[in-house]
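Hi everyone, thanks for coming. Please have a look at the chain on the screen, and then I'll walk you through a few places in it.

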Amino acid sequence: MSGTARSHPFVRQARGFTLIELLVTVTIISILVGAVVINIDFRNVGKSVRATAQRTGLLMDLAADQAVYSRQQFGIRFHPESYEFYILVENEEGDSTWELFEDGQLRFRAEDVPVEFQVDISGVPIVLEDLVTELAEATEEDPMKPHVIFLSNGEIIPDFRILISDLDGDYRYEVATGEILPVVVEQLEGS
């Protein structure tokens, strides 16, 4: 035998990957990466809590404006994780009662991050109950009433402070009676 290596008919020399093999591998990796990205939760808790606080303040401003323009009294009642708006209506007997205000704009919109509400009215903390419990306990003699009232003369009574936070309490915002603006939204320290 000579010094040169002869190739054996059954032994293949080492080669690189074929183009098809590379394309199949890249496709499989792309599908797996796509599945992982789809399953990642992109929620931003801080932005969601801020958006809820800002929306709450803006809706309260809107309710105050609507009370002035329609010459009716509106109100808002809070629960641990939501709120709803009310309107004061007069029935046939001449009595005024608070009724739930069904409106496309004045309503609570839940974010993808759950939030908690805490309410102080004139410096006194209010114990909030969920809507189902309050509806079950409400009677004709003791109906549900709003915590904050938007009068037709532009006043908002009583003074209020609403603390809105995520369930862990990492992000906290305050919606409160303002000195210059009727409703002020501020981020609280440490959040």
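Let's start with a pair of side chains: Arg77 and Glu134 meet in a salt bridge, 2.8 Å from N to O. By salt bridge I mean a side-chain nitrogen of Lys or Arg within 4 Å of a carboxyl oxygen of Asp or Glu. Arg77 sits in strand E1 (residues 74–79) and Glu134 in helix H3 (residues 131–137), so this pair ties together parts that are 57 residues apart in sequence. Helices (H or I, at least four residues) and strands (E, at least two) are DSSP runs, numbered from the N terminus.

A word on the source: this is a predicted model, where local features need pLDDT of at least 70 and side-chain atom pairs count only at pLDDT 80 or more, while totals for chains, interfaces and linings use all residues. Residues are numbered from 1 along each chain as its sequence is written, and side-chain values use heavy atoms, leaving out hydrogens and water.

Are Arg77 and Glu134 buried or exposed? Arg77 has 14% relative accessibility, so it counts as buried, and Glu134 is buried as well, at 8%. Buried means under 20% relative accessible area, exposed over 50%, and partly exposed in between, with a 1.4 Å probe and protein chains only.

How many salt bridges are there by this rule? The count comes to four. Another one joins Arg55 and Glu111, at 2.5 Å from N to O. Here Arg55 belongs to helix H2, while Glu111 is in the loop between strand E3 (96–100) and E4, 56 residues apart. Glu111 counts as partly exposed because its relative accessibility is 26%.

Now for the sheet. Five strands form an open sheet in the order E5-E4-E8-E9-E10, with antiparallel pairing; two strands pair if DSSP finds at least two bridges between them. The edge strands are E5 (124–126) and E10 (183–187), each pairing on one side only. Within this sheet, Asp120 stands opposite Pro125 in E5. Asp120 also forms a salt bridge with Arg161, their closest N and O atoms being 3.5 Å apart. That links strand E4 with strand E8, across 41 residues. Together with Glu174, these two make up a network of salt bridges.

Last stop: Leu59, in helix H2 (residues 45–70). Leu59 is buried because its relative accessibility is 7%. Among the residues Leu59 touches are Tyr83, Phe85 and Leu106, where contact means heavy atoms within 4.5 Å.

Terms used. Lists of a residue's contacts leave out its neighbours within four places in sequence.
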